Amino acid sequence: MSTRHQDRGTAVSPAPARKLLAAGLIAMTALVSLAPTSPAQSETTRIQRVVSPGGIEAWLVHDTTLPLVAMEVAFLGGGAQDPADKPGVASLAASLLDEGAGDLDARAFQDKMAEKAIELRFDASRDMVGGSLRTLSENVGPAFELMKLAVASPRFDDEAVERIRQGQLANLRRRVNDPSTQASLAWSAKAFPNHPYGRPLAGSLESVPTITRGDLAAFAKKTLARDNLKIAVVGDIAPEKLGPALDEMFGALPAKAELTPVPDVTPQGLGTVEVKTLDVPQTSMVFGGIGLKRNDPDFIPAFVLNHMLGGSAFSSRLFKEVREKRGLAYSVYSHLAPLDHAGLILGGTATKNERAGETVDLIRAEYLKLLTEGPSEEELADAKSYLIGSFALRFDSSAKVASQLLQIQIDDLGIDYIDRRNELVAAVTLDDIKRVAGRFRENPALLFSLVGKPEGLAGAGNGSSGG
Amino acid sequence: MPALLLAAATGAAALAAPRPSEAAEVAQYTLDNGMQVVVVPDHRAPVVTHMVWYRVGSADEQPGKSGIAHFLEHLMFKGTASHPAGEFSQVVSQIGGQENAFTSTDYTAYFQRVAKEHLKTVMGFEADRMTGLVLTDEVVLPERDVVLEERRMRTDNDPGAQLSEAAQAAMYTNHPYGHPIIGWEDEIKQLNREDALAFYKRFYTPNNAILVVAGDVEPEAVKALAEETYGKVARRAETAERVRPKEPTPRAERRLVLADARVGQPSLSRAYLVPAYRNEKKDSVALDVLAQVLGGGSTARLYRELVVAQGLAAGAGAWYQSTSLDDTRFGVSATPRPDVAMDKLEAAMDAVIAKLAADGPEAAELERAKTRLVAEAIYAQDNQATLARIYGAALATGTTVDDVKNWPDEVKQVTAEDVKDVARRYLVPSRAVTSQLLPARGEAAAAPATPDKRS
């Protein structure tokens, strides 16, 4: 299980569908008869560990139902590797990997992708650089070639760097007054002063202009290596073909990444309410406190506990109290955020300014109440039942399966984890929940970050550590 | 619990279980009460996506009641005579299902994603709430506050969204697409229980609904289940042909400016009134290709000219919403780099469009656009929920399963002349609403949110 791929539970009536359709451009599409013409031959029934002749490992689910291949890769070491005075390097570098590599300048590279409808993109998160490839299986050769070029020989040409930098700056300016983004950035800055996690992943209007080609090339050289690489592949490619292709794609990378050690950290400012004033009718808020890391033996019970608090879209305590009973918000959620160097519990909501103070008090009270009184047997049984039953929903497309296989590798949970996971959830008892609630109760204070013109906060902030 | 556990534990492996490898055929039929059914088999994982689409959306609202279609969608989760508030959602949750709903201009849809053995359960509940909804002010009033918060979050907190809303209103002077799906704030505040029930009784009836089931199912089995559940719901209203006030051929270009202190990054966007797939198939498919040629990513014309060649923009793109009952929109947009005047950016954008309308696309870029669109149709097959949405939206906007199936072949037949022709006819000033989002007048850029510490 990976909370990073968990639905964050924005509840009913999401974007009017027309928005989705417009965004995707592809409003109409079809089941064309391009499925493999060969007889049934999806012989693979398990996740396979494919190791290339050169020793590079990938997890593969070989499935020939559709003529496509999805591949997800991760290089551990993301934005947390940024120089302290230059946040945004990892993010900018990731955006530039498909903007010119090897003999191909940006235009030639993008043309190669477009000619074959190959989708390849890279993104940085705090702890990794992720790459995502999707291709028709008939084009797997050129697709793998582009992946190879992107990771092994990105060019960072001046033209591309400037162009992508301008795009990044426009994004940063666009969000300067976006309440939810600003609430999230302010939360991290307050919780992690003097630590990479406190800096903005996408950089800032001050830092992004100072990033040089040298910074980007250095990041790529140190981070894109073989020993911190995880690979998951799903779809119409046989293991015998994938093995050698892994060497082709990744064999030229340095054997070892040169990562800067990142210290473990606990969030600061707990018990306080940070406010950024912005002239909007609704206050956005992010809240969070100390949670657990993914390798903590209590992670699964904590995950179940969070589900009851704010993980479930329609039956969590926060949903019922904040939204359903009082109509305070459209969306309210919480989730565990197990970063590599900090375990967190995070959440968010948005309510009209007049009721912001009331909402802060309510969330604090509900959190403390769950930690103190615990759930009922029935509530726990319902939560487990949901988490067990819904696990299969994470595996109904190639892209989703690949993401899951990648995350399981990153979290080092073992290739049999999918078979074990539901037993782990089923085994959680009320005593386990009480134990883990006790651990959260050791420091149950939450840091709130609010953006808007909140009212009714008197007495709510005030440095109390009541949580 | 053990049965659930087994189903879920085999989830991943089942994706790879041996299966016939031919693409499954989409099946369709109509129940005796007039409810349409579409089944999209996908046997790779033991789960199903179950959706019910009603042929009613915000464009079917009466004047003065904007937002009622969407408000009713929220209220549909408040319980029925047979299943009191919360029971349906609780059961979905207990069986490990996911649920949600959404409202558009032309349709309202409800869905659950569950392990396949629970399909009948969710069908039973969904059929029950087709006619059995019970509403009290105790649940209606707090939910209205939720909708108002939703509106604040999506629109009132964001100047860009406010401008989009105004542009939509400016585009449609007569057709009801001009009012926002979520409703105008003042009108949402007046909506009540009686409005919701009246709307419900008029539009929620099996002969106005489409069932879409995608996933690990056989069409015959779904048919039997549908007859057992939805088939027993009596019609309670007759449906009429969906004729809305027609948008007249526009004669004057419209220009909007929203200047707000909260705007950190200016932007330029424009929408043109164009036909939907339902009404002008050939033009619509050519417009799909045109949107790709003009704005489909970083190999497209707008990006190559405005961003790469001229360095005027930080980003640029185009979009076309073909799935619509009535005349729809084709959009272009660009984000200026600092110190680039809007007029200069707009003139450059106009030049790109004019050149395409005069000369048409080059052979290579036409081929690229078509390749992308056809590949997208194949990529879409990877996700049962995506497929369910595509078929549901198509049927709810007056097109057919065959239309969806034939679309890639239609794309392949589009010629450079076709693309040039639709650009020339539709991308003209009189059809356009052009919007500029700017920082507050007299200010170079927005004042960022000011930190204001409270312990």
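This is a predicted model: local features need pLDDT of at least 70, side-chain atom pairs count only at pLDDT 80 or more; totals for chains, interfaces and linings use all residues.
I started at Ile231(A) and, skipping neighbours within four places in sequence, found it in contact with Ile56(A), Glu57(A), Ala58(A), Trp59(A), Met71(A), Glu72(A), Val73(A), Leu246(A), Phe250(A), Leu406(A) and Gln409(A).

Next I looked up the nonpolar cores. The largest one has 100 residues. Ile231(A) is among those with the most contacts inside it, along with Met71(A), Met147(A), Phe250(A), Leu294(B), Leu306(B) and Phe330(B). Apart from that core I found another, of 60 residues, which includes Trp59(A), Ala302(A), Ala356(A) and Leu362(A).

Then the annotations. For chain A, UniProt puts "domain: Peptidase M16 C-terminal" at residues 210-386, from an unreviewed entry. I get 41% helix and 21% strand for that span, with its end C-alpha atoms 48 Å apart. For chain B, an unreviewed UniProt entry places a feature called "domain: Peptidase M16 C-terminal" at residues 191-373. There I get 40% helix and 21% strand, and 42 Å between the end C-alpha atoms.

I also checked how chain B is divided: domain 1 covers 9-232 and domain 2 covers 254-439. The C-alpha centres of these two domains of chain B lie 28 Å apart. Between them, 39 residues of domain 1 are in contact with 36 residues of domain 2.

On to helix α17 of chain B, residues 416-426. Which of its residues are buried? I noted Asp418(B), Val419(B), Val422(B), Ala423(B) and Tyr426(B). They sit on the same side of α17(B), because they cover an arc of only 130 degrees around the axis. The spacing makes sense to me: an α-helix has 3.6 residues a turn, so residues three or four places apart point the same way. What covers the buried residues of α17(B)? The cover includes β8 (267-274), α11 (281-295), α13 (342-359) and α14 (363-380) of chain B.

Last stop was Arg129(B), in helix α5 (residues 119-131) of chain B. Is Arg129(B) buried or exposed? I count it as buried, because its relative accessibility is 3% and the cut-off is under 20%. The Arg129(B) side chain makes a polar contact with the side chain of Glu126(B), at 2.6 Å. Leaving aside neighbours within four places in sequence, I listed Met76(B), Phe77(B), Thr80(B), Phe88(B), Tyr110(B), Gln112(B) and Tyr200(B) as contacts of Arg129(B).

How values were computed. Residues are numbered from 1 along each chain as its sequence is written. Chains are lettered from A and ligands numbered from 1 in the order in which they are written. Side-chain values use heavy atoms; hydrogens and water are left out. UniProt positions are given in the numbering used here, feature names are shortened, and annotations may be inferred rather than shown by experiment. Helices (H or I, at least four residues) and strands (E, at least two) are DSSP runs, numbered from the N terminus. Buried means under 20% relative accessible area, exposed over 50%, partly exposed in between (1.4 Å probe, protein chains only). A polar contact is a pair of N or O atoms within 3.5 Å; within protein, one must be able to donate a hydrogen and the other to accept it, and residues adjacent in sequence count only if both atoms are side-chain atoms. Contact means heavy atoms within 4.5 Å. A nonpolar core is a set of buried Ala, Val, Leu, Ile, Met, Phe, Trp, Tyr and Cys residues joined through side-chain atoms within 4.5 Å. The arc is that of the directions from the helix axis to the C-beta atoms. Domain bounds come from an automatic or database domain assignment.
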